[in-house]
Amino acid sequence: MSTPAASTSSDPLSAVLGSVARHAATQFRDRNLVVRNRGTVHAVAWTRWMGGHELPAPACHVGVAGWAVEDIHPTRDPVTCKLCLRRTTGAPPATDAETAGQLALELT
């Protein structure tokens with residue numbers, strides 16, 4: 001995990017952004033995350049945010065519409081997102097049996 005960029009500016013907006021980033025870093029240290037209490041537990045990856053700060057995000061890069069910080073919640077539950085597991089553990093791609101019931105996209 002990276003630490004959020006330190007703000008050297010006395011700009012009030014930079015101070016607020018830095019405070020949000022530091023708070024998120026504290027909340028998500030050694031934790032996984034859930035997006036909007038949807039039930040899937042994601043591994044945490046740190047992503048560049050405003051002002052050069054970093055925020056926690058799903059390691060699978062699933063979209064979080066609007067990127068509202070309040071939509072992600074820390075959890076100690078184990079990761080259940082198969083894409084996060086593959087990206088963080090180097091596990092081989094899922095087999096057809098593992099993705100049974102998942103709809104295939106028709107790409108034409």
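Reader: Which side chains meet in a salt bridge?

Author: Those of Arg-36 and Asp-71 do, at 3.1 Å from N to O. A word on the ground rules: this is a predicted model, where local features need pLDDT of at least 70, side-chain atom pairs count only at pLDDT 80 or more, and totals for chains, interfaces and linings use all residues. Residues are numbered from 1 along each chain as its sequence is written, and side-chain values use heavy atoms, with hydrogens and water left out.

Reader: What makes the pair of Arg-36 and Asp-71 a salt bridge?

Author: The term asks for a side-chain nitrogen of Lys or Arg within 4 Å of a carboxyl oxygen of Asp or Glu. Here the N to O distance is 3.1 Å, so the pair qualifies. A search of the whole structure finds 1 salt bridge.

Reader: Where in the chain do the two partners sit?

Author: Arg-36 lies in the loop between E1 and strand E2 (41-42). Asp-71 lies in the loop between E4 and E5. They are 35 residues apart, and the pair links distant parts of the chain. As for the names, helices (H or I, at least four residues) and strands (E, at least two) are DSSP runs, numbered from the N terminus.

Reader: How many helices and strands does the chain have?

Author: The chain has 2 helices and 5 strands. From the N terminus on, they run α-β-β-β-β-β-α. Of the 108 residues, 30% count as buried.

Reader: How do you know what span to expect of helix H1?

Author: The expected span is 1.5 Å times one less than the number of residues. H1 (residues 12-28) has 17 residues. Its span from first C-alpha to last is 24 Å, close to the 24 Å expected.

Reader: Which residues of H1 are buried, and which are exposed?

Author: Ser-14, Leu-17, Gly-18, Ala-21, Ala-24, Ala-25 and Phe-28 are buried. Seen down the axis of H1, these buried residues fall within an arc of 125° (taken from the directions from the helix axis to the C-beta atoms), so they line one face of the helix. On the other side, Pro-12, His-23 and Thr-26 are exposed.

Reader: What does Ala-24 touch?

Author: Ala-24 touches Trp-46, Leu-55 and Pro-56, leaving out residues up to four places away in sequence. Contact means heavy atoms within 4.5 Å. The cover of the buried residues of H1 includes strands E1 (32-35), E3 (44-48), E4 (54-58) and E5 (72-75).

Reader: What makes E3 and E4 a pair?

Author: Two strands pair if DSSP finds at least two bridges between them. E3 and E4 are joined by 5 bridges, so they pair. They run antiparallel. Trp-46 stands opposite Pro-56 in E4.

Reader: How many residues lie between E3 and E4 in their hairpin?

Author: There are 5 residues between them. In the turn, Gly-51 has a positive phi of about 65°. As for cover, 5 of the 5 residues of E4 are buried.

Conventions:
Buried means under 20% relative accessible area, exposed over 50%, partly exposed in between (1.4 Å probe, protein chains only).
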